[in-house]
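This report is meant for a reader new to the structure below. It begins with one pair of side chains and then turns to the protein as a whole.

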Amino acid sequence: MPDQPSHPRVRSMDELRAYLSKWDKANNSQREKILADFVARSRDMTGPELDREYGNGASLLLARICAFLKTRTTGGRSVGTAMQAICVFVSAASGHRFLAEFLDVGGLEMVLGMLADTQLSETDRMRSLQVLSSIANSGYTYKQMILDEKYNVLESVCGYMESATTEAAQELSRSVLIGLGRGHKRMSQLQARLIKCLNSENALVLRTAAQVLRQLVAPGMGAEDQEISRSISSNTNSLVEAVGGMFARAHVHVLYEALELAQTALVKPGTCERMIEAIVEMLRPESYNTEHLHLDIATDPTMYSLSGAAPPLEAVLLAASNPQAAFRKQSASARLIAALIRSKDMPRVLVRPEVVGALVEQGVVLGLLVAMSNTEHPESCKHAIDALAVLLRASPPAAAHLSRLAGSAWMQNFKADPAGSAYGLDRAVLVR
């Protein structure tokens with residue numbers, strides 16, 4: 001049989017006095033054992049059940065645990081078990097009295113201090129975040145209280161997220177930030193802080209920040225949607241730049257979140273235009289001079305190679321300051337176009353005609369042809385072929401534009417055999 005908690009049930013006042021006296025006389029290690037037994041026995045109890053279990057003196061035990069916790073908040077000493085005990089009280093159903101008592105003795109400041117204390121273990125800091133989550137989930141009044149500017153809670157949670165190294169800690173951070181961010185009157189400040197996190201070198205942090213941003217700016221959130229659009233508009237350029245930076249990462253999960261966040265940005269009026277411009281820009285490396293672009297597959301390509309006025313396409317593509325990063329951005333942009341056209345998500349479906357039309361006007365067809373011709377990066381070529389194929393089926397203006405650029409014969413060949421026609425594309429005619 002599994003071990004049972006060692007302390008007996010406390011029903012009467014005499015039993016309560018004995019139990020509290022045992023706590024008062026115990027040393028730190030003995031108190032840790034008492035706390036572990038308390039958590040094991042009481043973790044699923046409601047507020048009234050806690051009072052019955054401890055002879056209507058549960059508040060006295062909570063006060064002692066808070067006092068003990070304050071002595072443990074310096075020097076990096078373990079506080080995990082004490083925080084679990086606190087969480088039993090503040091998360092108990094019908095236990096708002098315990099939550100109020102905890103806050104009255106400075107519980108919120110204590111939790112935030114531990115959350116920021118890098119001397120504590122990540123597990124102990126995660127326990128403090130769990131307590132913070134319980135407070136935030138206790139009702140609108142408590143959520144607004146902890147969002148007061150003087151506490152700077154969102155900065156504390158984002159700071160913890162940036163330092164967390166485990167999936168569990170990142171998931172808890174994500175949940176807390178989404179819960180605190182929704183309906184927050186300073187949404188733009190939170191979005192700016194999350195966008196800053198998108199520049200992290202840690203793939204876990206990038207994923208979490210992107211997931212939170214995507215949830216907070218997702219369309220279809222009712223009365224909040226207009227306020228969200230205004231707040232994200234103030235961070236448009238930094239968001240688009242951060243997404244572009246994520247496109248340059250090699251981590252597959254980061255790329256997935258970047259693609260999802262970019263599609264969400266395309267749906268929002270405040271970010272759509274700048275995101276479209278960025279997509280088209282990323283299809284061409286920064287050194288690719290659009291003034292010298294020429295494409296006419298129907299014409300003899302040798303006429304462009306005689307003058308020697310332009311470098312070969314390989315040299316142009318590799319001239320970027322960081323060609324591999326530029327190539328990954330190019331590949332991701334092509335993937336994004338195909339994903340948006342294929343998406344069955346209703347908000348994306350509703351805006352797709354407008355977005356596709358704007359992409360065509362910005363020169364996405366030519367950009368995809370450039371990416372398709374990038375033999376230095378097979379992923380760019382593959383995704384550009386796929387994107388152009390689905391774009392032609394979805395957009396008659398795109399087909400007309402391709403016909404003007406490449407000639408109707410090549411376009412028909414491409415529709416019949418995308419891969420074969422693309423790999424037969426003479427790259428010399430892309431640069432004059």
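This is a predicted model: local features need pLDDT of at least 70, side-chain atom pairs count only at pLDDT 80 or more; totals for chains, interfaces and linings use all residues.

Glu260 has a relative accessibility of 15% and counts as buried. Arg348 is buried as well, with a relative accessible area of 10%.

## Other salt bridges

The structure holds 19 salt bridges. One of them joins Glu155 and Arg193, with 2.7 Å between the closest N and O atoms. This pair links distant parts of the chain, with Glu155 in helix H10 (residues 153-163) and Arg193 in helix H12 (residues 187-197), 38 residues apart. Glu155 is partly exposed at 32% relative accessibility, whereas Arg193 is buried at 12%.

Arg17 and Asp14 also form a salt bridge, at 2.9 Å from N to O. Both residues lie in helix H1 (residues 13-25); they are 3 residues apart, so about one helical turn separates them. Arg17 is exposed at 51% relative accessibility, and Asp14 is exposed at 58%.

## The protein as a whole

The protein contains 26 helices and 0 strands. Of its 432 residues, 53% are buried. Among contacts with a separation of 6 or more, 72% are between residues 24 or more positions apart.

The accessible surface is about 19,400 Å², and carbon and sulfur atoms account for 51% of this area.

Definitions and conventions
Residues are numbered from 1 along each chain as its sequence is written. Side-chain values use heavy atoms; hydrogens and water are left out. Helices (H or I, at least four residues) and strands (E, at least two) are DSSP runs, numbered from the N terminus. Buried means under 20% relative accessible area, exposed over 50%, partly exposed in between (1.4 Å probe, protein chains only). Contact means heavy atoms within 4.5 Å. Accessible areas come from the Shrake-Rupley method with a 1.4 Å probe; for residues, only the protein chains shown count as cover. A salt bridge is a side-chain nitrogen of Lys or Arg within 4 Å of a carboxyl oxygen of Asp or Glu.
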